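Here's a quick tour of a protein model, written for someone who likes to know the cut-offs. Have a look at the fold first.

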Amino acid sequence: MAYSLSRIEARLQRIIEEGTARLFSANDGKHELAGRLIECMQAEIKFADSDELIAPGIYTIYTAPAAAEGLKENQALKEALCTALQQAAHEANIALEAEPVLHVAPDEKLVAEAFKIKATWMQHELSETQSLELSEEEQPAQIPAGAFLIVGGTEIYPLNRMIINIGRKKDNHLVVDNPQVSRRHAQLRAIKGQYHFFDLGSTGGSKVNGEAAKRSVLAIGDVISLAGVPLIYGSDARENPSETQEFRAEPDNPTKTTPNPDNAAA
């Protein structure tokens with residue numbers, strides 16, 4: 001196992017030195033940023049139960065406040081950095097736990113042009129529980145205020161926790177009793193003050209605004225479809241909608257959604 005890791009590390013170093021040059025000039029600073037991103041991934045890789053190497057899915061770049069504002073708006077650069085990370089993982093036979101999510105955050109302790117990178121695991125247990133250990137940056141204060149789902153077009157389910165598991169199995173936070181919905185179909189995660197939607201490898205698939213989606217950052221008005229069951233994402237920070245007790249569909253749509261009372265937020 002140690003020999004395998006040493007080969008992986010050597011491979012990643014070659015990618016850092018040579019591979020990122022495919023995307024960035026070695027003289028513009030972006031090459032170094034991509035390299036540091038890959039090094040951060042390398043430092044966090046671990047073996048899954050199947051002896052497959054796996055790496056985290058969330059990466060946060062900390063930089064000086066003035067630089068952070070510009071980097072946040074540079075969507076093309078962020079997409080290129082994610083591409084570099086995915087290519088490095090692929091060439092080194094490392095599985096990212098999900099399509100990478102890249103965040104930018106200000107750090108007043110850093111001088112101009114300096115930066116640091118932190119990797120965070122989306123799922124600390126690669127199992128049915130789909131659990132997530134919260135980092136300091138992802139405490140409950142980061143939950144979007146007043147967020148909710150409109151279920152089946154009528155019922156409101158408030159989103160007031162960091163993780164919301166959705167599926168047919170009764171231990172999900174939001175239970176969708178429909179044979180087309182997988183036992184563990186999807187998950188919402190509050191990351192940096194926004195809810196992210198993740199399909200958990202469902203058999204019926206998921207869509208956001210009519211497009212097939214494995215992962216999506218949700219915006220107000222987005223329509224999520226879980227194998228045809230509609231959920232509309234909304235937000236009203238002025239009000240906190242009451243907990244939905246049960247949703248019963250019309251006879252021609254045998255779907256019922258129920259929040260699990262055992263999982264209700266304190």
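Where is the place of Thr60? Thr60 sits in strand 3, residues 58–63 (strands are DSSP runs of E, at least two residues, and helices are runs of H or I, at least four, both numbered from the N terminus). This is a predicted model, where local features need pLDDT of at least 70, side-chain atom pairs count only at pLDDT 80 or more, and totals for chains, interfaces and linings use all residues. Residues are numbered from 1 along each chain as its sequence is written, and side-chain values use heavy atoms, with hydrogens and water left out.

With a relative accessible area of 2%, Thr60 is buried (under 20%; exposed is over 50%, partly exposed in between, with a 1.4 Å probe and protein chains only). Leaving aside neighbours within four places in sequence, Thr60 is in contact with His103, Ala105, Lys116, Ile117, Lys118 and Lys192 (contact means heavy atoms within 4.5 Å).

## Helix 2

Helix 2 covers residues 30–44, and its 15 residues should span 21 Å (1.5 Å times one less than the number of residues). The end C-alpha atoms are 22 Å apart, which agrees. Among the buried residues here are His31, Leu33, Leu37 and Met41.

Six strands form an open sheet in the order 8-7-17-16-13-14, with antiparallel pairing (a pair needs at least two DSSP bridges). Strand 8 and strand 14 stand at the edges with a single partner strand each, so one side of each has no neighbour in the sheet. Two bridges join strand 13 to strand 14, and Lys207 stands opposite Ala212 in strand 14.
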